[in-house]
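Welcome! Here is a short briefing to read alongside the sequence and the 3D view. Have both open as you go.

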Amino acid sequence: MQTATLVHTPAAPAPKLDPTDRTRETFRLAYRQARSMIRDGGRYGYGARYVWALDHMRRRFGASGWPVVQAAARVAFDLRAVSKAATGTREELAREGMLTRAVRVEPAPRGGWLWAWTFDALGSPNTARSLRRYQAKRRREVARAMAQDRAAMEGSRFALTVPGLLVLREAEAARATA
């Protein structure tokens, strides 16, 4: 009885891995596709078109490109759906610098005013007010903490901070061993 030996030779050599980083190229392609898919239309809104674009780009770029695709779609969506606007006449908006910072300037329905749409947190009066309130609260908290530190240090004329005390002990130990 004779046995046959199986010799397996691949038809083509195994390909080498490509070390090239294709993140930038993937982002550009995904961003281009997202801009063309997330657009103004009468039948579907931006939200539906955003989800639709993500579904198509997931199939096109695969799981490995998913984080890059999400970032590209988010940027394209944000350019279409700007949520903050300053209002006023053209002169008022120019004086505030909103005409140069605005993504889009549109006429308001009545009164001869304009809407200056922007991503800037200070662009809308409501978001600006809440941002200023938050920053003032943080400044008060920092000032309170600094006042407590100052009161603790006033007990002694030559108060040392914790790092200063550690350096002093280290220097005394080094002098004692020398």
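A residue is called buried when its relative accessible area is under 20%, exposed when it is over 50%, and partly exposed in between, with a 1.4 Å probe and protein chains only. By that scale leucine 99 counts as partly exposed, because its relative accessibility is 27%. The model is predicted, so local features need pLDDT of at least 70 and side-chain atom pairs count only at pLDDT 80 or more, while totals for chains, interfaces and linings use all residues. Residues are numbered from 1 along each chain as its sequence is written, and side-chain values use heavy atoms, with hydrogens and water left out.

**The whole protein**

- The protein has seven helices and three strands; here helices (H or I, at least four residues) and strands (E, at least two) are DSSP runs, numbered from the N terminus.
- Along the sequence, these elements come in the order α-α-α-β-α-α-β-β-α-α.
- Of the 178 residues in the protein, 19% are buried.
- Taking contacts (heavy atoms within 4.5 Å) between residues at least 6 apart in sequence, 51% join residues at least 24 apart.

**Helix H1**

- H1 has 15 residues and reaches 21 Å from its first C-alpha to its last, close to the 21 Å expected at 1.5 Å a residue; the expected span is 1.5 Å times one less than the number of residues.
- Its buried residues are Thr26, Ala30, Tyr31, Gln33, Ala34 and Met37.
- Seen down the axis of H1, these buried residues fall within an arc of 170 degrees, so they line one face of the helix; the arc is that of the directions from the helix axis to the C-beta atoms.
- Arg24, Arg28 and Arg32 are exposed on the other side of H1.
- H2 and H3 are what the buried residues of H1 pack against.

- Glutamine 33 sits in H1, which covers residues 23–37.
- Glutamine 33 counts as buried because its relative accessibility is 14%.
- Leaving aside residues up to four places away in sequence, glutamine 33 touches His56, Met57, Arg60 and Phe61.
- Threonine 26 also belongs to H1, and it counts as buried because its relative accessibility is 17%.
- With residues up to four places away in sequence again left out, threonine 26 touches Phe61 and Val68.

**Where H1 meets H2**

- The axes of H1 and H2 (residues 46–61) come within 10 Å and cross at roughly 145 degrees; axes are lines fitted to C-alpha atoms, for helices over the stretch in contact, and angles run from 0 to 180 degrees between N-to-C directions.
- On the H1 side the contact is made by Thr26, Leu29, Ala30, Gln33, Ala34 and Met37, and on the H2 side by Arg49, Trp52, Ala53, His56, Met57, Arg60 and Phe61.
- These contact residues divide into eight nonpolar, three polar and two charged; Ala, Val, Leu, Ile, Met, Phe, Trp, Tyr, Cys and Pro count as nonpolar, Asp, Glu, Lys and Arg as charged, and the others, Gly among them, as polar.

- The 16 residues of H2 should span 22 Å at 1.5 Å a residue, and its end C-alpha atoms are 22 Å apart, which agrees.
- Arg49, Ala53, Leu54, Met57 and Phe61 are the buried residues of H2.
- Those residues fall within an arc of 140 degrees seen down the axis of H2, so they line one face of the helix.
- The buried residues of H2 pack against H1 and H3.
- Glycine 62 follows H2, and its phi is positive, near 80 degrees.
- In H3 (residues 66–80), Val68, Val69, Ala72, Ala73 and Ala76 are the buried residues.
- Down the axis of H3, its buried residues fall within an arc of 130 degrees, so they line one face of the helix.
- The cover over the buried residues of H3 includes H1 and H2.

**Further along the chain**

- Leucine 99 is in helix H5 (residues 98–101).
- Not counting residues up to four places away in sequence, leucine 99 touches Arg90, Leu93, Ala94 and Val105.
- Leucine 99 and tryptophan 115 are 16 residues apart along the chain, and their C-alpha atoms are separated by 9.7 Å.
- Aspartate 149 lies in helix H6 (residues 125–153), and it counts as partly exposed because its relative accessibility is 49%.
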